Amino acid sequence: VGVLERVVEEGLHLFFLELAIGNHFKKSVTGSMKHIHKALVGVGWCTMAVCFLCMLYYNSIIMWIIRYLFESFVDPLPWAAPCLTNHTCCESDKTQYYWYYEHLGLTDSIEDIGSFNPTLVVCLVIAWVTIFICIARGIATTGKVVYFSATAPYVVLVILLYRGVTLEGAKDGIIYYLSPEPKLLLDVRVWSAAASQIFYSLGIGFGAIVSFASFTKNCDNIIRDSIIITVVNCSTSILGGFVIFSIIGYRQAMTNVDISKMENGPGLAFVAIAEAVANMQISPLWAVLFYSMLLLLGVDSLFGLMESLLHQLREELPFVRRVKKHVFNAFVCFTMFLLALPTATNGGVYMINLIDGWAVSIPLLVVALGEIVAIMWFYGIHRFTREIHEQTGYQIGWYWQICWLVISPVCLIVIAGLSIYSQLKSRTYEQFIGCPGDRVGKEYENTMNGTDAVLTWTRSAPLPAPALVGAIFLLFLPIAMIPLGVLYSWVSGDPHQHDEEEGEEEGGGESVEVACQEV
């Protein structure tokens, strides 16, 4: 319910706004904001910071996917193979044992990152090399790769859907998926998660939409494109939900573990789904299909992030334009690889969860709010809609204007404010506490009591002071780019220089409209 409301109230019109910004100004977010007013350059810097931090952990998740994909070609699957150790939990729950002990080698505290995992380091290298090959020469290369990476997952999704709904227990999983819990609508975390889901799935706030839209023709029907993309995207998410929950229902039937108590986050793909796939006939085939789909979706998402970051760097740094595109792109990928290396350590999953939970979701809301303020109040909504009409021939109706002026700002401010409050209030992380079988009969801390405590591998623990400081820094680093941009414009003393550009664009408006009509 929350996700659907977010689509109506935020997703569609924010996606259209970014598409319109890119199509109209023909620049990245930073270039567009600077064109509107020099002091707004910080909104673009914020998107660059968000893309940078998101890529650090996002490609590390792809690192896990690559390892699981390679190991899916083995029969039996490694997370279902007979145990080579006498460890209690290896026999009772091999999938979780494999995830925590063999794949991650996870430490018991966020303060202990352990040592590098050689296998994960190799997979991280493969992940970044793959990204570089796909974006080597910019949009020309990316556009060709996307034809495959964006369509192939649909083929796999349909195959997995057919397999999923025919499994035992699939009906229970689908019923759970389609059964809302109204009481959860009172939980701010649900609304925050719903907004984050829409922003991630549509790519809002990352700057990718603006960058890609800057390459589109003036005559493109961006209203139609916005509606089609949003509907297809959300339909795909719903379809994916049927696939996932049908498989999760099968896992419940096989293991008697209630769906409501199954893993969230990475544990869903690498524990719950992995265990269910391992119990299927011809399990390597389904594992290869599932993790291939995840790999293609992940790589496809990173295209947008990389293009957004690289596009803005080329616009803002003149010396970058003098470097060959593939050389600079290789430098950026190598730098990102080095910075992401700590995520390939035994405690790397803690860093990934910290960046994911603190550094990206909330700043995305702030970026979207900054774009709305820039267009609605600095550039002027009437001027913007008039120029969009002159440029494309399509009139922006009252619905879009009301959404931009009232609904979106209110929703973004409320959700961002409550999310910040919730994060600062909880200040916890999921700490690995080891195999449940090892703790039977031992003393438990106050937070670990009752029967469920014996069955858990992690617990919610307070963030240590250094980690909390780091988390708060990650939260406000992207947001701080906006006031820093204002300060920079004031200190630099540069005037608002775009009158000549405006004159050129406005002077060419009639010819553009005529050209569009001719097309």
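## Exercises on a predicted model

Leaving aside neighbours within four places in sequence, Tyr 291 is in contact (heavy atoms within 4.5 Å) with Ile 65, Tyr 68, Leu 69, Ser 72, Trp 79, Ala 269, Phe 270 and Ala 274. This is a predicted model, where local features need pLDDT of at least 70, side-chain atom pairs count only at pLDDT 80 or more, and totals for chains, interfaces and linings use all residues. Residues are numbered from 1 along each chain as its sequence is written, and side-chain values use heavy atoms, without hydrogens and water.

**Exercise 1.** Find the residues with the most contacts inside the largest nonpolar core.

*Solution.* Start with the term: such a core is a set of buried (under 20% relative accessible area, 1.4 Å probe, protein chains only) Ala, Val, Leu, Ile, Met, Phe, Trp, Tyr and Cys residues joined through side-chain atoms within 4.5 Å. The largest one has 150 residues, and Trp 128, Tyr 291 and Phe 384 have the most contacts inside it.

**Exercise 2.** Work out how α3 runs relative to α17.

*Solution.* First, take the angle: α3 (residues 41-71) and α17 (residues 348-392) pack at about 150°, with axes (lines fitted to C-alpha atoms over the stretch in contact, angles running from 0 to 180 degrees between N-to-C directions) 9 Å apart. Therefore α3 is roughly antiparallel (over 145 degrees) to α17. Finally, see who touches: the contact includes Trp 64 of α3 and Pro 363 of α17.

Conventions:
Helix = DSSP H or I, 4+ residues; strand = E, 2+ residues; numbered from the N terminus. Parallel < 35°, antiparallel > 145°, perpendicular 65-115°, else oblique. Buried < 20%, exposed > 50% of the residue type's maximum accessible area, 1.4 Å probe, protein only.
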